[in-house]
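Here is a briefing on a single protein model.

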Amino acid sequence: MEERMNNVTSISFNRGVPCVEAFPVSEIQECAAAILAADAATVLQYGKSTGYVPLRETIAEWYGARPEEVLVSNGSLQIQEFLSALLLRPGDTVFVEEPTYDRTITTFRRHGANLVGIPLEPDGLDIEFLATQLRKVRPKFLYLIPDFQNPTGVTTSLSKREEIARLAERHDFWIIEDGPYRALRYQGADVPLMRTMNPDRVLHLSSFTKILSPGVRVGYLVVPERVVEAVAKIATDTYVTPGLLAQGTAYEFCRRGWLEPNVERLKGIYRPRLEATAAALREYLPGADWVEPEGGFFIGITLPPAMNVANLQERAEKTGLSLSDGRGFFPQGGGERFLRLAFTALSEPEIREGVSRLARLVSH
Ligand SMILES: Cc1ncc(COP(=O)(O)O)c(C=O)c1O
């Protein structure tokens with residue numbers, strides 16, 4: 001038995017990370033060397049907590065914003081932490097999609113937030129449910145991942161984005177729009193950013209993690225200038241300066257025009273993996289409920305009640321399969337039948353084998 005186990009390939013659907021082939025290693029090396037040659041006095045020194053100015057300018061241009069409306073930090077999770085420190089006091093209510101990104105749940109809870117989950121439909125939030133909740137309580141903010149959501153892969157439709165932006169205005173709350181997957185669209189057309197619908201109410205977050213590398217730790221915030229100033233104070237008190245060498249390297253990568261081709265290359269790696277996951281689900285788990293994502297890193301599936309999910313993670317580990325615990329994505333309970341399948345770090349044969357192993361586990 002042990003020998004057989006040793007021969008079984010271990011497959012993890014649990015890691016929402018890029019594959020190693022995704023990293024443009026030699027290009028990053030070149031960019032780091034170039035920025036050190038060009039601007040060592042800045043990138044090796046303490047600087048402002050708002051980030052490396054040329055990168056702020058670049059990002060501002062992408063968004064049609066001013067550089068003063070951009071803050072660059074050590075990853076976007078760090079910015080979520082800063083926004084929580086700025087906006088939340090214990091007992092405040094925060095609305096989130098249900099399910100939502102598990103780390104975000106942890107961050108908001110650490111700041112004492114009371115989380116209300118708004119059910120997610122195949123085209124975004126259940127607007128009626130949202131409106132009903134808004135009659136009961138005004139949230140400090142609504143946290144959304146409108147493009148290729150983590151953990152479901154769902155994209156919020158244009159009409160729902162517009163309706164949510166209207167509700168934010170009427171009920172006076174912020175929207176945090178988290179968009180790290182947005183550039184990784186494998187099919188279909190972009191849906192406008194929520195930020196464009198109401199730049200005074202939408203706090204837009206994104207990151208180089210999925211389009212360059214998580215290890216460079218470069219994430220950013222595009223918001224009204226007064227919010228940049230308030231977040232910058234917290235950032236200064238936290239670390240004085242973010243990682244400017246990383247920001248300078250990311251800037252150089254953009255300046256050379258390498259980001260867009262890199263994103264196209266990544267789509268070429270990830271699109272077939274998404275397709276392989278969808279095909280394997282159709283073949284091996286035809287009863288599962290899921291939405292086919294148009295981009296991103298994940299497919300979220302709900303297994304039908306007839307399937308056996310008892311101790312699923314534990315049983316899966318014994319067959320060399322790592323699965324997320326769906327309950328972690330549901331802030332108010334539930335998720336026992338939910339699984340997030342992260343496909344970007346797996347080869348197509350691994351995906352097929354993993355889904356078939358999962359199907360065997362839940363079938364008896
Ligand atoms: C929705 C969402 N936001 C933020 C992050 C983290 O981004 P960063 O690496 O920039 O901190 C992730 C990473 O998985 C994510 O899925």
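Domain bounds here come from an automatic or database domain assignment. On that basis the protein splits into domain 1 (2-23 + 261-363) and domain 2 (25-255). The model is predicted: local features need pLDDT of at least 70, side-chain atom pairs count only at pLDDT 80 or more, and totals for chains, interfaces and linings use all residues. Residues are numbered from 1 along each chain as its sequence is written.

**Domain contact**

- The C-alpha centres of domain 1 and domain 2 are 26 Å apart.
- Domain 1 puts 28 residues into the contact, and domain 2 puts in 30 residues. Two residues are in contact if their C-beta atoms, placed from the backbone, lie within 7 Å.
- On the side of domain 1 that touches domain 2, the elements giving two or more residues are helix 11 (259-284), strand 11 (298-302) and strand 13 (338-342). Helices (H or I, at least four residues) and strands (E, at least two) are DSSP runs, numbered from the N terminus.
- Helix 11 gives the most to that side, with seven residues.
- By residue type, that side of domain 1 holds 16 nonpolar, eight polar and four charged residues. Ala, Val, Leu, Ile, Met, Phe, Trp, Tyr, Cys and Pro count as nonpolar; Asp, Glu, Lys and Arg count as charged; the others, Gly among them, count as polar.

**Secondary structure and sheet**

- The protein has 13 helices and 13 strands.
- Eight strands form an open sheet with mixed pairing, in the order 2-9-8-7-6-3-4-5. Strands pair if DSSP finds at least two bridges between them.
- Strand 2 (70-73) and strand 5 (124-125) are at the edges; each has a single partner strand, so one side of each lacks a neighbour in the sheet.
- Strand 7 (residues 174-178) and strand 8 (residues 202-207) run parallel, joined by four bridges.
- Ile176 is opposite Leu203 in strand 8.

**Ligand shell**

- The ligand is surrounded by 13 residues, the closest being Gly75, Ser76, Leu77, Ser207 and Thr209. A residue counts as near if its C-beta atom, placed from the backbone, lies within 6 Å of the molecule.
- The shell divides into five nonpolar, seven polar and one charged.

**Overall dimensions**

- Taken along the principal axes, the C-alpha atoms fill a box of roughly 60 × 55 × 35 Å.
- Of the 364 residues, 46% count as buried, meaning 20 or more other C-beta atoms within 10 Å of the residue's own, with C-beta atoms placed from the backbone.
- Among contacts with a separation of 6 or more, 75% join residues 24 or more positions apart.

How values were computed: A residue is buried if 20 or more other C-beta atoms lie within 10 Å of its own, exposed if 12 or fewer, and partly exposed in between; C-beta atoms are placed from the backbone.
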